[in-house]
Amino acid sequence: MTLLLLEALGALVLLVFIVWWTMFSGRKKGELPEEVEREKGDQRGDKPENR
């Protein structure tokens, strides 16, 4: 039983690591600043959000 729990824990850790790796692999400092996101939306033709 302990071996099954360890295997499940290992699979969960591997899954979390893969998700984390793919989320942040393309950007050196994580998420883009809000201003850059707005500019990207303007380039695509999206309307800015009303605040």
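Ring pairs join F17, W20 and W21 into a cluster. Rings of Phe, Tyr and Trp (its six-membered ring) are paired if their centres lie within 6.5 Å, with planes under 30 degrees apart counted as stacked, over 60 as edge-to-face and the rest as tilted. The model is a predicted one, in which local features need pLDDT of at least 70 and side-chain atom pairs count only at pLDDT 80 or more, whereas totals for chains, interfaces and linings use all residues. Residues are numbered from 1 along each chain as its sequence is written, and side-chain values use heavy atoms, with hydrogens and water left out.

Across the whole structure, 2 aromatic pairs are found. F17 and W21 form a tilted aromatic pair, at 5.9 Å centre to centre and with 35 degrees between the planes. These two residues, F17 and W21, are 4 residues apart in helix 1, so about one helical turn separates them. F17 is partly exposed, at a relative accessible area of 43%, and W21 is exposed, at 51%. Here buried means under 20% relative accessible area, exposed over 50%, and partly exposed in between (1.4 Å probe, protein chains only).

T22 also lies in helix 1 and is exposed, with a relative accessible area of 55%. The side chain of T22 reaches the backbone oxygen of V19 at 3.0 Å.

Helix 1 covers residues 2–24, a run of 23 residues. From first C-alpha to last it reaches 33 Å, close to the 33 Å expected at 1.5 Å a residue; the expected span is 1.5 Å times one less than the number of residues. The number of buried residues among the 23 of helix 1 is 0, so the helix lies largely in the open.

The protein chain has 2 helices and 0 strands, where helices (H or I, at least four residues) and strands (E, at least two) are DSSP runs, numbered from the N terminus. Of its 51 residues, 4% count as buried.

How values were computed: A polar contact is a pair of N or O atoms within 3.5 Å; within protein, one must be able to donate a hydrogen and the other to accept it, and residues adjacent in sequence count only if both atoms are side-chain atoms.
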